[in-house]
Amino acid sequence: MPHPPRSGATRPVLLLLVLAVAALALYAGSFAWSYEDLFRRDDPLIADDFARLTPTRVARAAQAADVAELQAVLADARARGLKVSISGSRHSQGGHTYSPGGVALNMRRFNRILAIDTAAPSITVQSGA
C-alpha cells in the first residue's frame, strides 16, 4: 500500500532538525578537539609546548638522530652565537624553555638503544628514548 504524500511543511521541519543536530554535533565536538587545527598552517620557526601557551619565534628548528647531527647543530649555533633550547615531547608547561631567536633542538629522533647488558641487567639509550 503506497504511503500518503507528505505535506510541503514537513520538508523544512526535517531540514531544520538535521541542521540543529549538525550544529549540536559541531559544538559538542569542540570540547574534544580544536577546529582551528584544521585551518592553521604551522610555522616551523614557532617553537611552543604542547598546550601552545607561549609561542616563541626561533632562528632555527633542528632535529638530531645521531651524535654527528647533534654536533653539527651545536657547532652551527656556536658559530652564529645562538642559544640552544632542547625539547622532547614538549610538555614544558608554558613554552618557557625556548629562547627567542635561538635554536629549538628536538631530541625525539635521538632515541636509539646503545647497549643491552643482560648480566646487570641494564640498558643504555640515547636521551630521546
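I call a residue buried under 20% relative accessible area, exposed over 50%, and partly exposed in between, with a 1.4 Å probe and protein chains only. By that cut-off, 21% of the 129 residues of the protein count as buried.

Ground rules: this is a predicted model, where local features need pLDDT of at least 70, side-chain atom pairs count only at pLDDT 80 or more, and totals for chains, interfaces and linings use all residues. Residues are numbered from 1 along each chain as its sequence is written, and side-chain values use heavy atoms, without hydrogens and water.

Next, the layout. I find 2 helices and 7 strands (DSSP runs numbered from the N terminus: H or I of at least four residues, E of at least two). Along the sequence the pattern reads α-β-β-β-α-β-β-β-β.

Then helix α1. I checked its length: the 20 residues (10-29) should span 28 Å at 1.5 Å a residue, and the end C-alpha atoms are 28 Å apart, so the two agree. The expected span is 1.5 Å times one less than the number of residues.

I looked up an open sheet of 3 strands in the order β3-β5-β4, with parallel pairing (two strands pair if DSSP finds at least two bridges between them). β3 (60-63) and β4 (84-87) are the edges with a single partner strand each, so one side of each has no neighbour in the sheet. Between β3 and β5 (residues 103-106) I get 4 bridges, running parallel. Ala61 sits opposite Ala104 in β5.
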